[in-house]
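Please look at them first, and then work through the questions below.

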Amino acid sequence: MSPIGYALGFAIGCVALGMALNLFRLLRGPTSGDRILALDTLTINIIAMVVLFGLWERTANYFEAALLLAMVGFLGTVAYSKFLLRGDIVE
């Protein structure tokens, strides 16, 4: 295995650990603000995992999926935060 393969394996392990810790905070967060932040960070970690898997497979198709996940994750975080602040998403 090449040094890039080892680096990708290490990076995937680190991102997986970060995802596990974010999932813990999402389930056990004391406030809803902590849960929103954990969900947003979990979305970012999922995007990182998709990109790393795309590098591992040596294909560019996963990068498009990562862009779509980033857009949907951002809109979801904004909508959920707005719902918690105002109780309604649409003004």
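The questions and answers that follow concern a predicted model.

Q: At what angle do helix α1 and helix α2 pack, and are they roughly parallel or antiparallel to each other?
A: Helix α1 covers residues 3–28 and helix α2 covers residues 32–57, and their axes lie 9 Å apart at an angle of about 160 degrees. An angle over 145 degrees counts as roughly antiparallel. The two helices, α1 and α2, are therefore roughly antiparallel.

Q: How do the residues in the contact of α1 with α2 divide by class, and what is the handedness of the crossing?
A: The contact of α1 with α2 has 17 nonpolar residues, together with six polar and four charged ones. As for the handedness, the crossing of α1 and α2 is left-handed.

Q: What covers the buried residues of α1?
A: In α1, the buried residues are Gly 5, Leu 8, Val 15 and Asn 22. The cover over these buried residues includes α2.

Q: What is the relative accessible area of Asn 45, and which residues are in contact with Asn 45?
A: Asn 45 has its place in helix α2, and Asn 45 is buried, with a relative accessible area of 15%. Leaving aside neighbours within four places in sequence, Asn 45 is in contact with Val 15, Gly 18, Met 19 and Asn 22.

Q: How far are the C-alpha atoms of Phe 24 and Ala 38 separated?
A: Phe 24 lies in helix α1, where Phe 24 is partly exposed, with a relative accessible area of 46%. Ala 38 is one of the buried residues of α2. Phe 24 and Ala 38 are 14 residues apart along the chain, and their C-alpha atoms are separated by 8.7 Å.

Q: What separates the C-alpha atoms of Ala 16 and Glu 57?
A: Ala 16 has its place in helix α1, and at 35% relative accessibility Ala 16 counts as partly exposed. Ala 16 and Glu 57 are 41 residues apart along the chain, and the separation of their C-alpha atoms is 17 Å.

Q: What span should the 26 residues of α2 have, and how far apart are its end C-alpha atoms?
A: At 1.5 Å a residue, the 26 residues of α2 should span 38 Å. This agrees with the distance between the end C-alpha atoms of α2, which is 37 Å.

Q: What covers the buried residues of α2?
A: The buried residues of α2 include Ile 36, Leu 42, Ile 47, Met 49 and Leu 52. What covers the buried residues of α2 includes α1 and α3.

Q: At roughly what angle do the axes of α2 and α3 cross, and which residues of α3 take part in the contact?
A: The axes of α2 and α3 come within 9 Å and cross at roughly 175 degrees, and the two helices are therefore roughly antiparallel to each other. The contact is made, on the α2 side, by residues including Ile 36, Thr 43, Ile 47, Val 50 and Gly 54, and on the α3 side by Tyr 62, Phe 63, Ala 65, Ala 66, Leu 69, Ala 70, Gly 73, Thr 77, Tyr 80, Ser 81 and Leu 84.

Q: Which residues of α3 are buried?
A: The buried residues of α3 pack against α2. In α3, the buried residues are Ala 66, Gly 73 and Thr 77.

Q: Where is Arg 58, and what is the phi of Arg 58?
A: Arg 58 has its place in the loop between α2 and α3, and at 77% relative accessibility Arg 58 counts as exposed. Most residues other than glycine have a negative phi. In Arg 58, a residue other than glycine, phi is positive and near 60 degrees.

Notes: Residues numbered from 1 in each chain as written. Predicted model: local features only at pLDDT ≥ 70, side-chain atom pairs only at ≥ 80, totals over all residues. Heavy atoms only, no water. Axes fitted to C-alpha atoms, helices over the stretch in contact; angles between N-to-C directions. Helix = DSSP H or I, 4+ residues; strand = E, 2+ residues; numbered from the N terminus. Parallel < 35°, antiparallel > 145°, perpendicular 65-115°, else oblique. Left-handed = near helix turned anticlockwise from the far one by under 90°. Nonpolar A, V, L, I, M, F, W, Y, C, P; charged D, E, K, R; others polar. Buried < 20%, exposed > 50% of the residue type's maximum accessible area, 1.4 Å probe, protein only. Contact = heavy atoms within 4.5 Å. Expected span 1.5 Å × (residues − 1).
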